[in-house]
Amino acid sequence: MAVTLACIGGRAAYDLLHEGALLAERLGTQATPFGDSQPIYRCKSRSGEFYFLSRHGETRYERTPTFINYRANIYALKDLGVRCIVSWSETRAISHNFKIGQYVVVDDLLDETVSRPQTFFENRGLGHIRQWPVFCPSLRKALIDSLVQVNCEFSSRGVYVCVEGPRHETPAEARKYAAFGGELLGQALVPEVFLAHELQMCYASLCYVARFAEDGTNYRPFEDGRALTEKAERTRATAAVERIPRLLERFCHVLPETPSLCQCESSMAAHTTSGELGLDWRTWFDQPELTEPPRTDLT
Ligand SMILES: [Zn+2]
């Protein structure tokens with residue numbers, strides 16, 4: 001049976017692979033017109049199969065978000081037949097309305113990255129795509145239903161600010177993002193989500209809060225009358241990742257029962273209808289044969 005779901009793992013995804021938390025067959029890297037993808041795994045769960053890709057590295061945190069080949073990763077998954085991608089991203093919360101260790105099914109995004117290729121269509125007049133909804137409503141609903149069924153603490157909305165990194169934000173930057181309406185800081189969802197739109201794929205992200213954003217003090221967040229220690233923060237972030245295989249299994253069960261609420265598969269319809277792009281997406285990246293101009297005899 002064709003596998004149409006993929007998960008892109010964030011920080012500590014390599015730990016899940018290493019520890020055998022996912023029952024997975026390694027397919028390896030995939031060659032694409034944009035370079036090689038990260039190694040891809042085919043995973044089995046009791047509720048279905050999905051592809052899995054660890055965006056930061058296979059065995060450890062090998063590359064920071066700036067140096068990830070997002071285009072190769074998204075292209076490779078599309079080439080394998082994937083239609084839906086769920087990803088995860090560790091975040092730092094700007095707003096204290098969130099708790100450390102809590103999941104957030106983000107629904108909007110501010111892009112503050114500065115040096116990442118944002119499109120498959122370099123040097124072509126394509127890619128003017130409406131970015132609402134930013135994240136696929138069908139996948140978001142399936143994620144929310146899965147979180148309810150697994151009894152996890154979560155927020156069903158949040159505005160993710162994608163910063164370049166790898167450094168963390170300054171206190172002034174955190175205040176700026178808050179003034180713009182940002183609620184969670186992360187480094188990984190851009191350009192992943194925008195590239196998925198260009199290949200007409202459904203994409204949603206399950207974020208978790210690892211700590212609060214920089215505020216320029218040594219203030220420790222309080223919960224139940226006690227200051228939360230750094231060790232407690234790390235324990236909660238680790239637990240959030242360790243629950244993800246179980247959540248994915250539930251998600252595989254819930255997704256087929258979720259009504260389609262989206263038009264992600266026709267996001268490039270304006271270009272295919274006009275004839276600028278063919279109906280087969282693979283032809284979108286065919287390079288025209290370079291022909292030598294006719295020689296002229298100058299003598
Ligand atoms: Zn969709």
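Begin with the lining of the largest cavity, which by class has ten nonpolar, two polar and no charged residues. In this classification Ala, Val, Leu, Ile, Met, Phe, Trp, Tyr, Cys and Pro are nonpolar, Asp, Glu, Lys and Arg are charged, and the others, Gly among them, are polar. The model is predicted: local features need pLDDT of at least 70 and side-chain atom pairs pLDDT 80 or more, while totals for chains, interfaces and linings use all residues. Residues are numbered from 1 along each chain as its sequence is written, and side-chain values use heavy atoms, without hydrogens and water.

**The cavity**

Select Cys7, Val86, Ser87, Trp88, Leu143, Ser146, Leu147, Leu206, Ile244, Leu247, Leu248 and Phe251, which line the largest cavity. A cavity is a set of points, on a 1 Å grid over the protein atoms alone, where a 1.4 Å probe fits but cannot get out; lining residues have an atom within 4 Å of a point. The volume of the largest cavity is about 100 Å³, taken as the space filled by probe spheres set on the points, with grid points joined across faces, edges and corners. Now colour β7, α3 and α7 (244-254), each of which supplies at least two lining residues; α7 gives the most, with four. Helices (H or I, at least four residues) and strands (E, at least two) are DSSP runs, numbered from the N terminus.

**Strand β1**

Next, select residues 5-9, strand β1. Five of its five residues are buried, so β1 is largely enclosed by the rest of the structure. Buried means under 20% relative accessible area (1.4 Å probe, protein chains only), exposed over 50%, and partly exposed in between. Leu5, Cys7 and Gly9 point one way from β1, and Ala6 and Ile8 the other way.

**The zinc site**

Finally, select the zinc ion, which is coordinated at 2.3 Å by the SG atoms of Cys136, Cys202, Cys262 and Cys264. Donors are N, O and S atoms within 2.8 Å of the metal (3.2 Å for Na, K and Ca); water is not among the atoms, so sites may look incomplete. The site is tetrahedral, with angles of 105 to 114° among its four donor atoms; four donors count as tetrahedral if all angles lie between 85 and 135 degrees.

Terms used. Four donors count as tetrahedral if all angles lie between 85 and 135 degrees; four count as square planar and six as octahedral if opposite donors are over 155 degrees apart and all others between 65 and 115; anything else is irregular. On a 1 Å grid over the protein atoms alone, a cavity is a set of points where a 1.4 Å probe fits but cannot get out, and a pocket is an open set with protein on both sides within 12 Å along at least five of seven lines; lining residues have an atom within 4 Å of a point.
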